[in-house]
Amino acid sequence: MEDQMATFSDRMEAALLKLAEKLSRPVPSATPVPVTLVKFDPHVPDADIEGLCKLTDMVISCKQIVGVDLILALTNALKGRAASCLTKVNHEDLTWPTIKDLLLSTFSKPMTMQDHFDGVIKFQLGKESAAQGGLRLWQLIEKIPDVKMPDNVITGFTISVLSQCNDAIRKELNSSIVHDKSQLFRVLRSISLKRKQDELEDSGTESKKPRLSVPFRGNCNFCGRIGHRASECRNKNQTVIKPAGTSMKQSQHGSSSSSITCYVCNEPGHVASACPNRREKVKQAEKTTNIKAVNVCSKTARGTLDIEGMSFPFVFDSGSECSLIRESQSQYVEGERSHELVTFRGTGRGNVCSHLQIKCQVSKQDIPTKITFHVVLDDCLSECILLGRDLLESGISVELNQENILFKAKAIKICENTTLVLDPDLTDTDLTGSDKLQLLEIFKKYSRHFTQNFPNTRITTGELKINLIDPNKTVQRRPYRLSPAEQQVVDSKIHDLLDANIIRESSSPFASPILLVKKKDGSDRMCVNYRELNSNTIPDNYPLPLINDQINKLHGAHYFSTIDMASGFHQLPVHEESIEKTSFVTPTGQYEFLTMPFGFRNAPHVFND
């Protein structure tokens with residue numbers, strides 16, 4: 001037992017001596033890993049010394065590179081003329097800030113004033129929101145040196161550039177009033193830019209569905225064979241030569257194939273889609289500016305029409321959209337002439353064209369009306385004149401019997417559901433006795449010319465035409481909020497204006513809001529806020545009459561009377577090209593005025609004229 005313990009102690013002592021010998025040996029130091037910097041070559045066109053310096057700042061501050069290690073890292077990173085900059089630095093000042101200043105002063109490209117403005121004018125939105133793009137553009141404008149612009153100028157500059165980048169931003173900014181930076185970014189944050197193409201690219205899906213490989217079992221529209229389409233036909237680009245003594249059927253398909261006949265020209269050998277005559281007809285139809293149907297019935301009414309003191313035989317047919325006149329008779333008709341290419345369908349076997357229109361006044365049974373006649377060749381009409389259903393649109397009703405045709409003027413309803421109550425005690429006048437009664441008799445005689453609602457008549461001495469300062473600028477405003485009671489008032493007034501044919505439903509790009517204003521009697525007046533439209537309208541300058549001249553005109557008069565036109569502005573029509581500019585929007589719809597609205601800039605001048 002003692003021998004074993006002695007042997008164990010000797011072994012332990014030998015193991016400890018070996019361990020102490022290994023621990024006393026020097027440990028070799030680890031080889032440092034060199035740091036690699038971003039390479040820079042000034043001869044590369046896209047070399048950016050400023051970006052290189054920013055990245056190098058991050059690496060040096062993180063790795064704590066100094067001394068020889070810094071020189072080795074920069075020697076591997078700098079190429080060409082940039083490497084020679086290391087030899088120009090004093091060895092005592094061999095630090096990264098010194099080398100950085102030398103590189104920036106040597107290779108940085110200073111931006112000129114033109115470069116700053118080019119960056120602003122050529123600004124484009126990336127995959128960012130409207131607010132982020134606006135902030136980036138704002139910062140570009142602020143970086144322009146030697147130019148100190150106030151916020152309202154920068155706001156206008158930003159709106160102008162962003163409006164050219166995106167239509168959604170342009171529409172939203174034009175529909176809002178923006179004066180400062182806070183209002184601008186409040187509007188930009190509410191804009192959601194839709195980029196369907198970017199979403200498709202990010203998701204990796206294709207915009208088109210794959211086409212199923214199903215065999216085509218129909219006939220070719222070019223050669224008539226089964227199994228392929230006309231776009232895949234091999235005979236389409238081949239010239240078919242017809243040998244002598246053979247038919248077109250045999251030359252293309254052989255004796256066994258079925259015959260092909262074009263239903264346009266009734267010629268064999270081709271189908272309608274490849275017919276040369278059809279192509280000519282399509283080209284001719286594209287040149288026409290207007291097409292009208294003239295379907296003459298077998299039983300028509302005939303009579304005599306008076307034009308400028310001359311009588312012309314006519315035939316009336318409500319199946320025709322317009323009225324026609326023979327070319328030989330048109331030279332005796334005087335009126336307003338216009339030249340427009342109009343094509344008529346239904347007269348004869350083909351289409352008939354008219355290049356001359358005459359608008360003149362005609363009369364039948366002492367009922368005058370104005371009709372536009374289209375001049376056609378004499379062979380196209382059985383009578384001198386064909387009256388169409390445009391006669392009915394001019395306010396004339398027609399009664400037909402077996403022998404005659406009778407014209408009747410439709411009664412014009414001047415006032416609707418109104419009755420003029422003439423109470424002598426309530427009539428405000430300075431006349432007394434028989435003079436007052438005589439005045440009341442005059443009122444009763446012309447009572448149908450008075451109304452208590454909107455007028456239904458229109459004057460023909462003038463019309464309203466809106467000329468814009470910037471034709472490309474539109475007004476697009478959201479409707480104002482209305483309470484339920486106010487909404488009922490607006491709906492009632494809209495209904496009355498529609499019945500009076502003062503307004504109509506609209507889809508115009510212009511949209512001005514409406515609001516209700518209290519009258520003196522407590523009732524509500526619906527007004528359209530045309531402030532933005534008025535600011536973009538060319539004003540009509542007209543002189544005001546001198547009050548002294550007006551007073552001099554009253555010299556010698558003893559009785560004075562005034563006539564107040566009911567809704568006088570609504571009796572003046574609006575020019576056809578200006579109707580869409582009068583459009584206004586309510587919480588329930590959009591409408592446009594057919595007559596002159598209240599609140600427009602040039603309305604008083606047009607009304608006085």
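Predicted model: local features only at pLDDT ≥ 70, side-chain atom pairs only at ≥ 80, totals over all residues.
**Group meeting: a buried lysine and its surroundings**

Let me start with Lys581, which, once residues up to four places away in sequence are set aside, touches Ile466, Leu468, Phe510 and Leu533.

Lys581 is buried and yet has no salt bridge, since the nearest side chain of opposite charge, that of Glu580, is 6.2 Å away, whereas a salt bridge is counted within 4 Å. What does lie 3.0 Å from a polar atom of the Lys581 side chain is the backbone oxygen of Ile466, and Ile466 is also one of the residues that Lys581 touches.

Let me turn now to the nonpolar cores. The largest of them has 29 residues, and those with the most contacts inside it are Ile503, Met526 and Phe584. The elements that give two or more residues to this core are helix 16 (484-499), strand 14 (512-518), strand 15 (524-528), strand 17 (589-593) and helix 19 (603-608), with helix 16 giving the most, namely three residues. If we look at Ile503 and leave aside its neighbours within four places in sequence, we find it in contact with Ile494, Leu497, Leu498, Phe584, Tyr591, Glu592, Phe593 and Leu594. Apart from this core lies another one, of 22 residues, which include Phe312, Val375, Ile396 and Phe407.

Moving to another part of the chain, Leu102 lies in helix 4, which covers residues 96-107.

On annotation, an unreviewed UniProt entry lists residues 220-235 and 262-277 under "domain: CCHC-type". Over residues 220-235 the model shows 0% helix and 0% strand, with the end C-alpha atoms 10 Å apart.

Finally, a few totals for the chain, which has 19 helices and 17 strands. Of its 609 residues, 30% count as buried, and among contacts between residues at least 6 apart in sequence, 60% join residues at least 24 apart.

Note on methods: Residues numbered from 1 in each chain as written. Heavy atoms only, no water. UniProt positions renumbered as here; feature names shortened; annotations may be inferred. Helix = DSSP H or I, 4+ residues; strand = E, 2+ residues; numbered from the N terminus. Buried < 20%, exposed > 50% of the residue type's maximum accessible area, 1.4 Å probe, protein only. Lys, Arg positive; Asp, Glu negative; His and termini not counted. Polar contact = N/O pair within 3.5 Å; in protein donor to acceptor, adjacent residues only side chain to side chain. Contact = heavy atoms within 4.5 Å. Core = buried A, V, L, I, M, F, W, Y, C linked by side-chain atoms within 4.5 Å.
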